[in-house]
Amino acid sequence: MANASSTNENQNEKLIRLLEEQLAHSNQQNKELSKQIEALTDQVRHLTKLLYGSKTEKSKYNAPDGQGSLFDDDPSFSESEHTEEQSQQTISYTVVCKIQNKKRNDSLKDNVEVEEIHHYPENTQCDCCQGQMIEIGSTMVREEAKFIPAKMMKVQHFEHAYGCKNCKSDTSLPAQIKRGKAPQPAIQRSIASPSVLAKVIYDKFVQYLPLYRQVKEWDRYGLDTNDKNLSNWVIRAAHDWLLPIYDRMKELMMAKSILHIDETYGQIINRSDGKSGQTNAYNWVSRSIPCQGPLIILFHSALSRARSVLEGFIKGFSGMIVCDGYSAYDKLEGITFANCWAHCRRYWLKADSKNGRIGVGYCDELYRLERKFKHLSPSKRRKKRQKYSKPIVDKFFEWVEKSPFFGKNALAKAAEYTLNRADGLKAFLNDGRIEIDNNPAENAIRPNVLGRKNWLFSVSEAGAKANAICLSIAETAKSNGIDFYEYIKKLLTDLPNLGIHQNPEILDQYMPWSKIIQVECSK
């Protein structure tokens with residue numbers, strides 16, 4: 001009986017242990033399922049907000065008197081943010097509307113040609129005495145804008161030769177002949193003049209008008225062409241004459257110590273790596289900072305966003321790069337990285353909860369200070385950041401480290417993103433020259449995004465490279481106050497006749513910030 005009792009107890013203990021293990025396993029599964037449900041709930045909330053809510057990131061900062069301002073939006077963000085916490089106060093504002101005295105004809109610039117049209121009576125004979133009437137005054141009754149469409153011209157170049165009759169009649173003397181020499185064209189054996197090439201490039205890279213849509217406009221002007229011709233013209237002009245300008249700009253940029261860098265996707269149909277044309281290619285952009293000389297904005301086309309592409313793009317550069325949290329921006333020899341607070345704020349904004357709003361609040365405090373420090377010199381801005389911004393940053397990271405954010409939900413991702421990039425996010429505190437975010441690069445890359453919506457894709461890698469070169473020169477020219485059309489026309493007129501490959505130092509005279517270009521091509 002004792003053995004049977006002992007056996008039953010052992011079996012009961014085994015059964016209890018088995019049940020306890022099953023219970024523990026079920027509890028663990030429940031915890032994991034709860035985390036998944038929480039993560040999915042956050043994702044559904046985020047997607048619902050993207051679908052139906054405001055897609056903005058602006059904040060309404062508090063005014064100095066503590067009242068919520070309806071008008072002073074933060075310029076660091078391009079859109080407005082709506083939160084659940086709304087003020088319960090009824091606030092009255094007095095809005096003073098400034099009366100604008102602008103007249104309709106003020107829309108026309110001063111350098112516009114003026115044409116006067118005078119209207120006289122059909123008959124200047126007096127109806128009463130039949131005598132001749134004299135003019136007693138005139139009144140301008142209206143002004144209007146008149147548009148004169150562009151016109152196409154056929155320009156024929158003749159080279160005239162001259163010979164000396166006296167020397168020709170004397171057999172002991174060599175014949176003396178002088179011949180006029182026409183300037184070299186931008187593209188050999190092509191009908192495209194510098195003005196036509198400049199117009200094609202301007203319309204594509206400033207007006208974002210794809211080449212196939214330009215064909216009908218050229219037909220209206222009297223030039224019978226097609227999009228393949230236009231594409232070949234852009235590629236040849238970019239490779240032969242704009243690439244040296246681009247390379248010189250890159251050489252000057254790599255000598256600087258601070259750059260903003262970002263990247264965005266594109267599409268190249270015929271790829272050399274054998275991948276499908278649907279596979280994403282990438283355009284990288286780098287932008288210098290104003291306190292280190294004239295602004296330079298360069299684009300670089302690549303088949304991927306791998307680290308090797310970045311290394312080739314910035315070869316020869318040493319200093320600091322301001323960027324987002326992409327993993328390629330890390331551990332490059334001779335380079336330090338400053339991370340973007342706008343991206344950090346975006347993660348906390350996506351959390352869309354009480355703690356998420358606390359994280360956004362810390363970021364907004366920093367941006368409020370940055371607005372005050374914006375016009376200070378780099379040294380003064382660094383001192384102000386150390387005094388006012390650093391305590392907020394330290395308090396923010398202390399709060400994140402002590403907060404129990406775990407799992408795969410939006411809060412945990414925001415906390416992980418912030419802590420993993422702590423050094424990069426703190427970098428702006430120690431250098432007044434760098435910005436708190438990478439918005440300058442994101443703004444610089446927008447023309448590429450606008451163009452992508454219209455151009456859709458590049459057929460070849462050569463076309464994608466030409467796009468990057470033309471966009472670089474367009475954006476750099478605009479940043480330096482240069483009329484891009486006049487600038488491109490001058491480049492394609494002068495460079496083919498200057499021997500720039502034998503004397504590359506000539507290129508410095510054709511940079512957008514040079515005195516010659518500033519005088520001849522300014523807006």
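Colleague: How do helix 5 and helix 14 lie to each other?

Modeller: This is a predicted model, where local features need pLDDT of at least 70 and side-chain atom pairs count only at pLDDT 80 or more, while totals for chains, interfaces and linings use all residues. Residues are numbered from 1 along each chain as its sequence is written, and side-chain values use heavy atoms, without hydrogens and water. Helix 5 (residues 227-254) packs on helix 14 at an angle of about 50°, a helix being a DSSP run of H or I with at least four residues, numbered from the N terminus. Angles under 35 degrees are roughly parallel, over 145 roughly antiparallel, 65 to 115 roughly perpendicular and the rest oblique, and therefore helix 5 and helix 14 are oblique.

Colleague: How far apart are the axes of helix 5 and helix 14?

Modeller: Axes are lines fitted to C-alpha atoms, for helices over the stretch in contact, and angles run from 0 to 180 degrees between N-to-C directions. For helix 5 and helix 14, the axes are apart by 9 Å.

Colleague: At roughly what angle do the axes of helix 13 and helix 14 cross?

Modeller: The axes of helix 13 and helix 14 come within 11 Å. Helix 13 is oblique to helix 14 because they cross at roughly 135°.

Colleague: Which residues of helix 14 make the contact with helix 13?

Modeller: The contact of helix 13 with helix 14 comprises 3 nonpolar, 2 polar and 1 charged residues. Helix 13 supplies P447, N448 and W455, and helix 14 supplies N467, L471 and E475.

Colleague: How many Å apart are the axes of helix 9 and helix 10?

Modeller: Helix 9 (residues 378-402) packs with helix 10 (residues 410-420) at an angle of about 130°, which makes helix 9 oblique to helix 10. The distance between the axes of helix 9 and helix 10 is 10 Å.

Colleague: Which residues of helix 10 make the contact with helix 9?

Modeller: By class, the contact of helix 9 with helix 10 divides into 5 nonpolar, 1 polar and 1 charged. F396, F397, V400 and E401 come from helix 9, and helix 10 provides A415, T418 and L419.

Note on methods. Helices (H or I, at least four residues) and strands (E, at least two) are DSSP runs, numbered from the N terminus. Contact means heavy atoms within 4.5 Å. Ala, Val, Leu, Ile, Met, Phe, Trp, Tyr, Cys and Pro count as nonpolar, Asp, Glu, Lys and Arg as charged, and the others, Gly among them, as polar.
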